[in-house]
Amino acid sequence: MIVPSGLRASDMTQELKTLFELGAAKTIKLDRRWIPSEGAPVITVIGKYVTRGWTQWTQGFQYGNSLLCYDITDDDVLLSIGRGHTLKDMPEHLTHQGVHDHGFNTLSTYGQLYRMMLEGRIALDPWEQRFYELALKVSGAVQAARWTALADGLGFIHSFNGPQSLFIDTMRTLRVCGVSHVLGHALLGEQDKKINLLQRLVAHATTTATYNIFYGVGQDRYDDPTLRGRTAHETLFNATNGSYRAPSSQQGYSPFSTWTRGLGWAMLGFAEQLEFISSFPESEFDCDGIPNRRVILDLLERAAKATCDFYITQASASDGICYWDTGAPLLYKLGDWNSRPADPFNQYEPVDSSASAIAAQGLIRLGVALGDEGERYLQAGLGISETLLQEPYLSTNPEHEGILLHTIYHHPNKWDYVPSASKIPYGESCMWGDYHLLELGFLLSRIGAGGYYTFFQNIERVH
């Protein structure tokens, strides 16, 4: 990526206005058409959202879109959609024991409503506030209960593939455990054993940083210094004795290449946890099995820097947009693809703009967290944002239900729509891509106005 200089979020005011006008209109239109009982919208096919059976991990993004758009536009219709569906359709997600996705579904709905109430964006109602708090507490504890203990004393929240499977995605969903802890909650285990949710969060982050991220120090044959920041989508363990087995991938090309949406989850997840842990006093560490605060901050910063550096130098084209996997087998046919803007209309390998939207927020957050040292990361994130906020990535066609174009769901399984005249998918949207572009836009709006936005913002810590 060619990292720009001198970009400011405040210079994107008109682009952000356009984004949220489009997002609001498309969100309202989709809500009027969609029947929630038929499943959650996942990806578009010829511009129309369809469901895709796996898990309902995108439902919270659908309603989160309306809440983010409301916060920018003040359109009460959007608030009614987001709040109404959260109350009616999201409760089953709070106690869903079969997924690692709680931080996606819960924080984009209950979490956004709770934040807006704390900020005065919606009317304060003490009973409703306690309701949102209870939802966040429960969701964090249920997610933390999906625990696999390891032989080295660490452990992780296992994916829906089973107790052997550690997904990189969970670095972003992990934050719901943090919110639950801040609200004073704990997970009760056998014989009422109280399990500290901050300890679980730190252990999961440590395990992920240790096994899913490669630092160019010879962890395996392909862990070359030039590939520092390479990210495994999945890590496999022996769930019986807690020993490490191998890297793996469900949606990437191979265990030894980097699926770029997984890289994005890592970049954003580690940067957010760096912000989160930095907000704690020293006194909450070195107890209950939680390492020294400085130790965990160093680990989070190391992983965030490695993955963000890899994205900038290895995973993205010159405009900051990435293809779906760094090892995609036909990338070589595009020649020196790193040195020119990404081409979503090529005939060999698809780009994944959803990965770029996620990555951009991670870069911006790391840049802000590092201060003067982080200017390169901040500028990289702003540069990607500038590209995504215009065509061909921003969906300006009112008949297309998506907001962010040229996204990929599962390329190996052929789940993405391929136009008849093409050999690869392009021109379609996904619900997490739409949400993360809007969330990126929301963060940029806050920064442009001299503010900021975090998932734990204004929540009073309960001891």
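Are Phe442 and Tyr453 buried or exposed? Both of them are buried, where buried means under 20% relative accessible area, exposed means over 50%, and partly exposed lies in between (1.4 Å probe, protein chains only). Before going further, keep in mind that this is a predicted model, in which local features need pLDDT of at least 70, side-chain atom pairs count only at pLDDT 80 or more, and totals for chains, interfaces and linings use all residues. Residues are numbered from 1 along each chain as its sequence is written, and side-chain values use heavy atoms, with hydrogens and water left out.

Let's stay with the aromatic rings for a bit. A pair of aromatic rings is described by the distance of the centres and the angle of the planes. Rings of Phe, Tyr and Trp (its six-membered ring) pair if their centres lie within 6.5 Å; planes under 30 degrees apart count as stacked, over 60 as edge-to-face and the rest as tilted. Searching the whole structure turns up 26 aromatic pairs. In one of them, the ring centres of Phe442 and Tyr453 are 5.1 Å apart with planes at 85°, so this pair is edge-to-face. Phe442 belongs to helix α15 (residues 431-448) while Tyr453 is in the segment after α15, so the pair ties together parts that are 11 residues apart in sequence. Helices here are DSSP runs (H or I, at least four residues), numbered from the N terminus.

Phe455 and Phe456 make another pair: with centres 5.1 Å apart and planes at 80°, they are edge-to-face. Phe455 is buried at a relative accessible area of 10%, and Phe456, at 15%, counts as buried too. Rings can also gather in groups, and here Trp57, Phe61, Phe104, Trp265, Tyr409, Trp415, Trp432 and Tyr435 form one aromatic cluster.

A charge sits over a ring if NZ of Lys or CZ of Arg is within 6 Å of the ring centre and within 35 degrees of the ring normal. Arg302 lies over the face of Tyr215, 3.7 Å from the ring centre, and the charged end of Arg461 sits over the ring of Phe280, 3.9 Å from its centre.

Now back to helix α15, which also holds His436. His436 is buried, at 0% relative accessibility. A polar atom of its side chain lies 2.9 Å from the backbone oxygen of Trp432. Setting aside residues up to four places away in sequence, His436 touches Phe61, Arg172, Trp265, Leu268, Ala357 and Ile358; contact means heavy atoms within 4.5 Å.

Asp434 is found in helix α15 as well.

Take Asp11 and Arg8, whose side chains meet in a salt bridge (3.1 Å, N to O). Asp11 is partly exposed at 44% relative accessibility, whereas Arg8 is exposed at 52%.

Another salt bridge joins Arg121 and Asp71 (2.5 Å, N to O). This pair links distant parts of the chain, with Arg121 in the loop between α6 (107-119) and α7 (126-144) and Asp71 in helix α2 (residues 59-73), 50 residues apart. Arg121 is partly exposed at 24% relative accessibility, and Asp71 is buried at 8%.

Asp309 and Arg376 also meet in a salt bridge (3.4 Å, N to O). Asp309 lies in helix α12 (residues 293-315) and Arg376 in helix α14 (residues 375-388), so the pair ties together parts 67 residues apart in sequence. Asp309 counts as buried at 14% relative accessibility, while Arg376 is partly exposed at 39%. Finally, salt bridges that share partners join Asp71, Asp74, Arg115, Glu119, Arg121 and Arg446 into one network.

Terms used. Helices (H or I, at least four residues) and strands (E, at least two) are DSSP runs, numbered from the N terminus. A salt bridge is a side-chain nitrogen of Lys or Arg within 4 Å of a carboxyl oxygen of Asp or Glu. A polar contact is a pair of N or O atoms within 3.5 Å; within protein, one must be able to donate a hydrogen and the other to accept it, and residues adjacent in sequence count only if both atoms are side-chain atoms.
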